[in-house]
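Morning, everyone. I have one chain to walk through today. Please bring it up on your screens.

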Amino acid sequence: EIAQCLVGAEMCIRDRRKGISTASSAPFGYQFDPNKKGSYIIDPPAAKIVRRIFDLAILGLRTREIAMTLNDENAPVPSVYNREHKAYGKETTYTIAPVILWDSTRVWKILTAYVYTGAMVLGKSQRLISGKSISRTVPKGQQYITEGTHEAIVSREEFEKAQLVINNRNKVVMGLSLIHI
């Protein structure tokens, strides 16, 4: 499939428009559908963790507070979960530290991933030089988004509520409340 993309770029664009993933691994909470190439199905135990993250965000918890809650609940981070469940395409060849905890960055990445609404989001980065690992992030308006390609873990409304919470949260600095703009 990668060879097809290198040989015929229009094939890749056609696949992106159809919502067919060419990624090497599925997002946390999903696994590749063995019956439909390039599509996702829900991985129930991991999806439960993703669902919990969104529920906590909707309740108003900040990403750091969500991470602390998940750590208190002993929820495995994606890399540990994937190693323990031998998730296809998610195996790691490096040694994982004995204890890996949730942090605000891991939580934020899940909360900002539109894929959890059931949409396939493709073309998020672009390689600048062929054969090199130098790439850039593609603006959201230029990415390929195909709605309804797989079962959603959260509704679009829940996703939007979580975005409001993480984007409009207040920071308290020296007793003053500062709003991010």
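Ground rules. This is a predicted model, where local features need pLDDT of at least 70, side-chain atom pairs count only at pLDDT 80 or more, and totals for chains, interfaces and linings use all residues. Residues are numbered from 1 along each chain as its sequence is written, and side-chain values use heavy atoms, with hydrogens and water left out.

Confidence, then. pLDDT is the predictor's confidence in each residue, from 0 to 100. The mean for the protein chain is 79, and 72% of its residues reach 70 or more. One is residues 1–11, with six contacts beyond four places in sequence. The other is residues 170–181, with 11 such contacts. By contact I mean heavy atoms within 4.5 Å.

Now the overall numbers. The protein chain has seven helices and eight strands. These are DSSP runs, numbered from the N terminus: helices are H or I, at least four residues, and strands are E, at least two. Of the 181 residues, 36% count as buried. Buried is under 20% relative accessible area, exposed is over 50%, and partly exposed is in between, with a 1.4 Å probe and protein chains only. Take contacts between residues at least 6 apart in sequence: 61% of them join residues at least 24 apart. The chain exposes about 11,700 Å², and carbon and sulfur atoms supply 54% of that. The areas come from the Shrake-Rupley method with a 1.4 Å probe; for residues, only the protein chains shown count as cover.

Next, the core. A nonpolar core here is a set of buried Ala, Val, Leu, Ile, Met, Phe, Trp, Tyr and Cys residues joined through side-chain atoms within 4.5 Å. The largest one has 36 residues. Which residues have the most contacts inside it? They are Phe 28, Ile 53, Phe 54, Trp 102, Leu 111 and Tyr 116. At least two core residues each come from strand S1 (30–32), H3, H4, helix H5 (78–84), H6, S3 and H7. H3 gives the largest share, eight residues.

Look at Trp 102. Leaving out residues up to four places away in sequence, Trp 102 touches a list that includes Phe 28, Ile 49, Ile 53, Ala 67, Leu 70, Val 107 and Ile 110.

On to helix H4, residues 63–72. Thr 63, Ile 66, Ala 67, Thr 69 and Leu 70 are buried there. Why do they share a side of H4? They cover an arc of only 160 degrees around the axis, which puts them on the same side. That arc is taken over the directions from the helix axis to the C-beta atoms. The general point: an α-helix has 3.6 residues a turn, so residues three or four places apart point the same way. On the other side of H4, Arg 64 and Asp 72 are exposed. The cover over the buried residues includes helix H3 (44–58), helix H6 (104–111) and helix H7 (156–167).

Zoom in on Thr 63. Its relative accessible area is 9%, so Thr 63 is buried. Beyond its neighbours within four places in sequence, Thr 63 contacts Ser 104, Val 107, Trp 108, Leu 111 and Ile 166.

After H4 comes Asn 74. Asn 74 sits in the loop between H4 and H5. Its phi is near 55 degrees, a positive value in a residue other than glycine. Buried or exposed? Asn 74 is exposed, at 66% relative accessible area.

Helix H6 now. Val 107, Ile 110 and Leu 111 are buried. Their arc is only 95 degrees around the axis, which puts them on the same side of H6. H3, H4 and H7 are among what covers them.

Last, the rings. Rings of Phe, Tyr and Trp (its six-membered ring) pair if their centres lie within 6.5 Å; planes under 30 degrees apart are stacked, over 60 edge-to-face, and the rest tilted. There are eight aromatic pairs. One is Phe 54 with Tyr 116, edge-to-face: 6.2 Å centre to centre, 65 degrees between the planes. Phe 54 lies in helix H3 and Tyr 116 in the loop between H6 and strand S3 (120–122), so the pair ties together parts 62 residues apart in sequence. Both Phe 54 and Tyr 116 are buried. Ring pairs also link Tyr 30, Phe 32, Tyr 40, Phe 54, Tyr 114, Tyr 116 and Phe 159 into a cluster.

Tyr 30 lies in strand S1. At 1% relative accessibility, Tyr 30 counts as buried. Tyr 30 and Tyr 40 are 10 residues apart in sequence and 5.9 Å apart in space, C-alpha to C-alpha.

That is my tour. Over to you.
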